[in-house]
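Here is a short briefing for a first look at this structure. Keep the sequence and the 3D view open while you read.

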Amino acid sequence: MTGKTKENNNENYLNYVKTQDPPTQHFKNCLSAFGVGGLICCIGQFIRFMLEYAGLTGDELAGTTSVILIFIGCFLTGLGVYDRIGRHAGAGSIVPITGFANSVTSPAIEFKTEGWIYGMAAKMFTVAGAIIVFGVFSGVLVGLVYFFI
Amino acid sequence: MMKKGNTVFFKNSPRIVSFAAICGSKEKEGIIGEYADITLDDDMYSESTFEKAECKMLTNAISLTIEKGKLKEKDIDVLLSGDLLNQIISASFAARDYNFPFLGVYSACSTMSESIMLAAMMVNAGYVNRAVAATGSHFASAERQYRYPLELGCTRPPQAQWTVTGAGGCLISSSGDGIKITSATMGRVCDYGVTDVNNMGAAMAPAGAIITP
């Protein structure tokens, strides 16, 4: 017999483990996620206003704002600051676009030691790959629906 | 009687004649810090990667063990060692610095106890006179191997555990002074269905608790 079977599971033990785990502080996490996520969005909005003031419009404006935020995310990851923010931010730092930048940059930094091609380039998307695959996939699905309606 | 249930008894009393330990900066602050021979201030151990640091820690632990036993490299008959990385690469690379044979052991967190047990069995049976059992791990390399990159900005769940940054070795000999190993119990794999990657302690605990001696 191979593979994981349901009979292996010891429900009593799993429940016991659950009671022993220190509880996740949902309220605190939500609050810090709200704060940090909101702050990142405010910074984004501030950049957007500044660029609008500088004369950018439409897609150019949205694109430039995203690029600046992505740069900030990558830069802070490289400095080793972003993971410290992330440790206290609940999900507030992982959900905005800076978090996506972080999820690409962090494996790139981590796997650089294995070489530029087989390490950094190949492993860069170990975390973000799933987001890209399902992002593109759901984009296609929505696009098809939109096309036929 | 040499074996009863899963426990083996050593009649010829193999002994742990010397031991050495190296640990990282976080471990230094904890309760085990004072027992380590070398504590690192820099988790990179002046190397370029965490894997190399792990390998260097293991090599130094093995050398220090032999040194503390007042022996030379030629006195050692075999090295039993392992670590947490793919192809137990730290142990293999540490072993290439020595002239004695190397037997790789992989047993996750129980690598140390398994290598001590196997070394004691070999010494007790009389195949070797002196065997070194050693193991090492590094938080950063294990984190990358099993979980996420270090720089990823995610919140660690409160039950998350840390892999030790450190290495240790002990010399098991058929003669000399030291702690006598009288018996060893072989464990069995015990899966109660814990799937939380951050809580491997809970996954391993049943194997320790329901041991049948």
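The points below cover the interface, the salt bridges and one methionine.

This is a predicted model, in which local features need pLDDT of at least 70 and side-chain atom pairs count only at pLDDT 80 or more, while totals for chains, interfaces and linings use all residues. Residues are numbered from 1 along each chain as its sequence is written, chains are lettered from A in the order in which they are written, and side-chain values use heavy atoms, with hydrogens and water left out.

**Where the chains meet**

- Chain B puts 22 residues in contact with 30 residues of chain A (contact means heavy atoms within 4.5 Å).
- About 2,200 Å² is buried between the two chains, and carbon and sulfur atoms give 57% of it. Buried area is the accessible area (1.4 Å probe) that two parts lose on being put together, summed over both.
- On the chain B side, B:Arg144, B:Glu151 and B:Tyr192 lose the most area to chain A, together 30% of what that side buries.
- The rule finds one salt bridge across this interface (a side-chain nitrogen of Lys or Arg within 4 Å of a carboxyl oxygen of Asp or Glu).
- That type of link joins B:Arg144 and A:Glu114, at 3.1 Å from N to O.
- Helices H5 (139-146) and H6 of chain B each give two or more residues to the side that touches chain A. H6(B) gives the most, with three residues. Helices are DSSP runs of H or I, at least four residues, and strands are runs of E, at least two, numbered from the N terminus.

**Salt bridges**

- Over all chains, the structure holds 10 salt bridges.
- A:Lys123 pairs with A:Glu114, with the closest N and O atoms 3.0 Å apart.
- A:Glu114 is partly exposed, at 37% relative accessible area. Partly exposed lies between buried (under 20%) and exposed (over 50%), using a 1.4 Å probe and protein chains only.
- B:Lys68 and B:Asp37 meet at 2.9 Å, N to O. B:Lys68 is in helix H2 (residues 50-68), and B:Asp37 is in the loop between helix H1 (25-29) and strand E4 (38-39), 31 residues apart.
- B:Lys56 bridges to B:Glu47, with 3.9 Å between the closest N and O atoms.
- Shared partners join A:Glu114, A:Lys123, B:Glu51 and B:Arg144 into one network.

**A methionine in H6**

- B:Met200 is found in helix H6 (residues 200-209) of chain B.
- B:Met200 counts as partly exposed because its relative accessibility is 33%.
- B:Met200 and B:Cys109 are 91 residues apart in sequence and 9.7 Å apart in space, C-alpha to C-alpha.
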